[in-house]
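This report describes the pockets of a protein model and the surroundings of its ligand.

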Amino acid sequence: MKGAHITPIVKGEGVFLIDENGRKYIDAVSSWWVKIHGHSHPYIGQKLEQQFSELDHIIFAGLTHPKAVELAKRLVDNMPPEINKVFYSDNGSTANEIALKMALQFWHNQGVAKTKLVAFEGAYHGDTFGGMSVSARSTFSLPFSHHLFDTLYIPVPTEENIADVLREFEAILSGGQVAAFIYEPLVQGVRGMVMHEADHLSQLLKLAKKYQALCIADEVMTGFGRTGTLFASDQIEMKPDIITLSKALTAGVMPLAVTACTDSMYNGFYSDERSKAFLHGHSFTGNALACAVACANLDLLESAEVQEDLTRLAGLQKEFRAEISGHPKVIEARQLGAILAIELSTTENSGYYSDLGIKAYVYFLERGIIMRPLGNVLIVMPPYCIKEEDMAYVYEQIRSFIGEL
Ligand code: PMP
């Protein structure tokens with residue numbers, strides 16, 4: 001985009017990024033929500049090097065390798081007991097694309113006419129055609145609108161509308177044609193960290209299951225501790241049939257994604273008839289370096305030290321939310337686990353290209369903080385290992401920015 005700010009970064013070190021002039025920045029957005037352990041973590045580097053010396057990449061059809069197996073086992077051990085199968089790819093949009101294809105083909109293979117897809121209003125599930133199709137129509141997808149397939153949308157539940165949303169959802173489901181419901185559990189990321197209650201989502205999932213619609217939890221953003229638990233789905237009573245993961249799966253070091261599904265879904269493809277197979281694959285499926293890095297990420301995440309970091313960060317975010325909530329320029333501050341979003345009031349446009357968002361980006365950049373607002377919503381999502389004094393500096397600059405509005 002003309003006029004966009006581009007800062008050449010030459011080094012990453014923990015929570016800091018260093019530009020070509022030696023200027024240091026706090027990465028308060030974890031480089032688009034991926035770098036949960038910060039930059040160039042030595043333990044991950046060591047595991048990556050070790051894997052490279054053994055095996056870097058192989059065709060993942062007819063062949064497999066130990067790190068792909070280890071990672072799959074460790075992931076499903078932490079998922080609902082019915083979810084036991086893992087399909088690898090390399091980015092969040094593709095993980096969702098695969099989930100949608102799996103859901104549609106699952107019904108097709110059985111000769112059941114379930115072809116409709118349901119998503120939340122304001123959803124974001126990726127930039128590929130399937131991902132765009134189940135996302136809210138927006139500036140992102142406008143030029144492609146003639147080529148997107150139809151999706152049915154239901155409002156995100158709140159205390160006020162839950163009864164209506166349940167009624168609306170049941171009216172859609174009762175037609176018997178819904179193949180799947182895709183949702184970002186607890187937090188709609190790109191919408192601006194819009195949150196809903198676990199119990200409300202659970203009621204919707206119960207309804208989906210009553211009408212045999214498959215439930216797809218898009219945990220691309222929420223996975224790996226961000227919401228306070230390993231997966232956001234851990235906080236929700238009703239469990240999905242498919243979970244998609246990417247972003248922090250490798251702690252933001254290598255591109256990798258997972259679409260995990262239940263045994264019963266898997267069995268819908270396992271057949272002597274070749275046409276029933278899931279004919280989908282990518283050159284870099286199951287990349288061994290990425291799988292090794294993802295295992296190293298799990299080693300770190302499971303450690304007491306990182307769990308303490310995460311609890312501390314969540315506590316700081318909660319406190320700052322309480323403090324900033326009453327400010328006259330703050331419409332709403334939302335927090336869950338290590339996520340903090342501050343929605344600011346503005347008389348200008350509040351969409352993705354909000355002038356306030358661009359102004360905020362430059363303001364924080366000049367003060368040594370990488371912050372990527374979503375429209376008029378400030379997003380604070382640093383690596384879990386950020387020190388209390390660095391967090392205090394970020395909060396101080398937010399206070400100043402809001403104070404100057
Ligand atoms: N789903 C969600 C919930 C996301 O937040 C994102 C990315 N912001 C995606 C899917 C797409 O992931 P990727 O950018 O890796 O394609």
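## Terms and model

In the residue classes used here, Ala, Val, Leu, Ile, Met, Phe, Trp, Tyr, Cys and Pro count as nonpolar, Asp, Glu, Lys and Arg count as charged, and the others, Gly among them, count as polar. The model is predicted.

## Largest pocket

By these classes, the lining of the largest pocket consists of 18 nonpolar residues, 9 polar residues and 1 charged residue. The space in the largest pocket comes to about 840 Å³. It is lined by 28 residues, of which Phe60, Val86, Phe87, Tyr88 and Tyr266 are the closest to its centre.

Four secondary-structure elements supply at least two lining residues each: helix H3 (66-77), strand E4 (83-89), strand E12 (257-262) and helix H8 (263-267). Strand E4 gives the most to the lining of the largest pocket, namely 5 residues.

## Second largest pocket

About 550 Å³ of space lies in the second largest pocket. Its lining has 31 residues, and those closest to the centre are Gly92, Ser93, Tyr124, Val220 and Lys247. Sorted by class, the lining of the second largest pocket holds 15 nonpolar, 11 polar and 5 charged residues.

Helix H1 (30-33) and helix H4 (92-109) each contribute at least two residues to this lining. H4 gives the most, with 3 residues.

## Ligand surroundings

The ligand is surrounded by 14 residues, and the closest are Asn91, Gly92, Ser93, Asp218 and Lys247. Gly92, Ser93 and Lys247 are also among the residues closest to the centre of the second largest pocket.

For Ser93, a polar side-chain atom lies 2.6 Å from a ligand oxygen atom. For Lys247, an N or O atom in the side chain is 3.2 Å from a nitrogen atom of the ligand. The ligand taken alone exposes 390 Å², and the protein buries 83% of that area.

Methods
Residues are numbered from 1 along each chain as its sequence is written. This is a predicted model: local features need pLDDT of at least 70, side-chain atom pairs count only at pLDDT 80 or more; totals for chains, interfaces and linings use all residues. Side-chain values use heavy atoms; hydrogens and water are left out. On a 1 Å grid over the protein atoms alone, a cavity is a set of points where a 1.4 Å probe fits but cannot get out, and a pocket is an open set with protein on both sides within 12 Å along at least five of seven lines; lining residues have an atom within 4 Å of a point. Grid points are joined across faces, edges and corners, and a volume is the space filled by probe spheres set on the points. A residue is near a molecule or strand if one of its heavy atoms lies within 4 Å of it. A polar contact is a pair of N or O atoms within 3.5 Å; within protein, one must be able to donate a hydrogen and the other to accept it, and residues adjacent in sequence count only if both atoms are side-chain atoms. Accessible areas come from the Shrake-Rupley method with a 1.4 Å probe; for residues, only the protein chains shown count as cover.
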